[in-house]
Amino acid sequence: MDLMRELWSTLGETAKDVLPVASFMLFVYCVVLRQKLARARNVIAGLGFVTVGLALLLLGVDKALFPAGRMMVEQLSPADAHDASAAPSWTSFHLIYLFAFCITFAAAIAEPALFAVAQRVNELSGGAINTWGLRIAAAAGVALGVTLGCMRVVAGVPLHWCLIAVFLVIAVQTVTAPRVILPLAYDTGGVSTTVVTVPVVAALGLGLAELLPARNPLLDGFGMVAMACTVPAITVLAYAQIAMLLENRARRRRPESD
Amino acid sequence: MRLFGRMVLGTVRDMAPVVLVVLFFHSIVLGQPISRLFPLVEGALLVVAGLVLLVYGLELALFPLGEALANALALRGSFVWLVVFAFLLGFGTTFAEPALTAVAAEAARAAASSGAIDHTPESLERYAFGLRFVVALAVGCALTLGVVRIVFGWPLPPLVIGGYVLVVALTFVAPPAIVGIASDSGGVTTSVITVPLVTALGIGLASSLAGRNAMSDGFGTIALVLVMPMLFVMAYGALLSWI
């Protein structure tokens, strides 16, 4: 019965999230632009599915993913992490880095916004951009960003140096990567950090900052999402560059075989 | 019904990596008894059910609605309406975003613990409200810029890279406590509702304007939504520290 009550209150919150946006869009479409909504029943039903689905998902993330993340960070940390005088080296946290990489990669694969956008991209590109290729490249980027973010928190490197490094790599890739892919690649960071990834990242950041006595959990917990939403541009651009390289090589080889 | 069944299977497959990662670290790396994970099963089932409904609903409602709206706005040919709509959509959805409200409250506590503001409830609330307002303003401006860019066919890379350069420059001016909060504010505002909507708007707009390509012109607005809040919040922090 507790579950029903929790679900009911979460549903109220997600309705507050979905309804204003949806009614604003419908208002502009039907009243301001005086258009008739095609397949109105589908749209209304779809909005209902979104509201209920989001409530179930938020509740589930809160009950499973968030506690699992917190529990794992605590158990995987080296034994002397709590001891300020021992000052464990940042490399002794390797199990946490490995866990952070795996769990954020897995979470980004399950990310619904990334799935929906990847499918739309596949349709738009006429199948040229593979749905799974894009999802894996983006998820690898999120995972890499969060792992680097964890190392940063443990080692105490200021956030802006990490951001500068990431931006520099993106700038170099912008000059060398195929132009068509650039807007999509810049977008993927935001697309893959929504309802599943962000709570996992928050659990990791919070757990880690609480573990380290020298860190302020309030101040050092920030910055992880920033890494998670900038690094995917690098991996998606790298994916496009590798695909281009392979294609060029194949094209160069073809005339010889004729 | 068959489509629905395929979606359930697809979601279970998408969730499998998460379950495997937790199982691997829990049972093999840590050697803990598997029974300690039982309390999490209920939550995992909720996640699967939620994902199925959410993804189905996104494709049924938000993508068609966003694209139809962008088409209608483009056909109407009113540039002013388009800009007003984009700004209101960005500002409104962001200001009401629950994730941002939570982060803003946490940021206010962080600012208080670093001594930037007082510990009183009023000053905490004022700080959180200011932060939400600035981020919402930034997202409104980002959507407006994104729409204007699609209409005029401006290339995206100079805007994004230029934004990055400004962000880096501001990190040296803004107080260190705000840099982390500012950098995260972009990622926090992109929600599972706004991402499909903004993407659909861009695609719809680019495909109904002559000479625009849905792939190379339709995307890119989310990227501006990531950069703009970083800029605005850092500038806001720098301004506050000067006053």
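How far does helix α5 (residues 121-152) of chain B reach from its first C-alpha to its last? I looked this up and found that its 32 residues reach 46 Å, close to the 46 Å expected at 1.5 Å a residue, the expected span being 1.5 Å times one less than the number of residues. Just after α5(B), I noted that Gly153(B) takes a positive phi of about 70 degrees.

Conventions. I am reading a predicted model, in which local features need pLDDT of at least 70 and side-chain atom pairs count only at pLDDT 80 or more, while totals for chains, interfaces and linings use all residues. Residues are numbered from 1 along each chain as its sequence is written, and chains are lettered from A and ligands numbered from 1 in the order in which they are written.

Confidence. For chain A I found an average pLDDT (the predictor's confidence in each residue, from 0 to 100) of 86, with 92% of the residues scoring at least 70.

Chain A. I looked up the secondary structure, which comes to 10 helices and 0 strands, helices being DSSP runs of H or I with at least four residues and strands runs of E with at least two, numbered from the N terminus. The C-alpha trace spans about 70 × 70 × 30 Å along its principal axes. Of the 258 residues, 52% count as buried, that is, with 20 or more other C-beta atoms within 10 Å of their own, C-beta atoms being placed from the backbone.

Leaving out residues up to four places away in sequence, Leu204(A) touches Gly69(A), Val73(A), Ala100(A), Val146(A), Cys150(A) and Met224(A), contact meaning C-beta atoms within 7 Å.

Interface. I found that the contact between the chains takes 80 residues from chain A and 80 residues from chain B. On the side of chain A that touches chain B, the largest share, 22 residues, comes from α2(A). By class, that side has 59 nonpolar, 15 polar and 6 charged residues, with Ala, Val, Leu, Ile, Met, Phe, Trp, Tyr, Cys and Pro counted as nonpolar, Asp, Glu, Lys and Arg as charged, and the others, Gly among them, as polar.

Methods
Two residues are in contact if their C-beta atoms, placed from the backbone, lie within 7 Å. A residue is buried if 20 or more other C-beta atoms lie within 10 Å of its own, exposed if 12 or fewer, and partly exposed in between; C-beta atoms are placed from the backbone.
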